[in-house]
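Let's take a friendly look at some surface features and side-chain contacts. Please have the sequence at hand as you read.

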Amino acid sequence: MKIFLDTANLDEIRTAARWGIVDGVTTNPSLIAKEGSSFKEIILEICSYIDGPISAETTKLDAEGMIEEGREFAQWHANIHVKIPATIEGIKAAKVLSSEGIKTNVTLVFSLNQVLLAAKAGATFISPFVGRLDDVGEDGATLISDAVQVIERYRFSSDILVASVRSPNMVARAALCGAHIATIPFKVLESMYQHPLTDAGLKKFLADWQSMPKNQ
Ligand code: G3P
């Protein structure tokens with residue numbers, strides 16, 4: 001499973017880039033707005049830190065507007081994937097952009113039907129929001145499992161990119177469901193490394209090592 005970082009914060013991206021396990025980055029208008037600087041500058045700086053898919057989201061609501069934005073974003077850098085909402089207009093735009101060879105990420109996906117329609121449009125990535133489904137009492141993991149099954153059964157070229165990840169457990173469940181990618185907030189990724197038994201075990205190893213006579 002590929003791991004993407006779900007942030008527009010350049011400090012987080014620079015730090016995680018050094019961990020050697022980040023394959024890409026996803027942003028969205030809310031994450032960009034948090035950083036308060038130029039959208040294009042942020043996206044291009046992210047492209048300089050991570051050599052992998054970088055998602056930049058459209059903000060128009062009509063297909064023509066999204067197509068125009070997508071064509072512009074794609075000119076910025078070869079790694080840019082145009083993020084488009086799973087609306088009728090968005091999936092129309094994804095079909096056109098995909099047919100032009102522009103990479104797309106259909107986002108704000110909450111149902112298997114939306115997955116199917118995005119896959120038929122040739123989306124590169126399809127992003128179900130598992131955390132927001134869980135927030136309303138639905139089971140995000142079931143959607144991931146069903147989506148992977150449909151993609152594989154009909155041999156669609158799209159990858160399922162699990163988004164709206166709120167905990168390490170959600171990442172583990174996404175992996176068990178066969179997700180192709182999970183996009184993970186920095187704090188969640190950081191906590192994936194941590195376990196108290198690892199810390200305790202390492203402390204004991206080193207204490208025992210230090211207790212040996214120095215001539216051994
Ligand atoms: O990539 C989508 C993600 O940023 C949304 O996460 O926690 O706002 O549902 P959240």
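## Basis

This is a predicted model, in which local features need pLDDT of at least 70 and side-chain atom pairs count only at pLDDT 80 or more, while totals for chains, interfaces and linings use all residues. Residues are numbered from 1 along each chain as its sequence is written, and side-chain values use heavy atoms, with hydrogens and water left out.

## Salt bridges

Counting a side-chain nitrogen of Lys or Arg within 4 Å of a carboxyl oxygen of Asp or Glu, the model has eight salt bridges.

The Lys204–Asp208 bridge has an N to O distance of 2.6 Å. Lys187 pairs with Glu190 at 3.8 Å, N to O. Here Lys187 is exposed at 60% relative accessible area, whereas Glu190, at 27%, is partly exposed; buried means under 20%, exposed over 50% and partly exposed in between, with a 1.4 Å probe and protein chains only.

## A buried threonine

Thr27 lies in the loop between β2 (24-26) and α2 (29-35); strands are DSSP runs of E, at least two residues. With a relative accessible area of 0%, Thr27 is buried. Its side chain reaches the backbone oxygen of Ser55 at 2.7 Å.

Conventions. Helices (H or I, at least four residues) and strands (E, at least two) are DSSP runs, numbered from the N terminus. A polar contact is a pair of N or O atoms within 3.5 Å; within protein, one must be able to donate a hydrogen and the other to accept it, and residues adjacent in sequence count only if both atoms are side-chain atoms.
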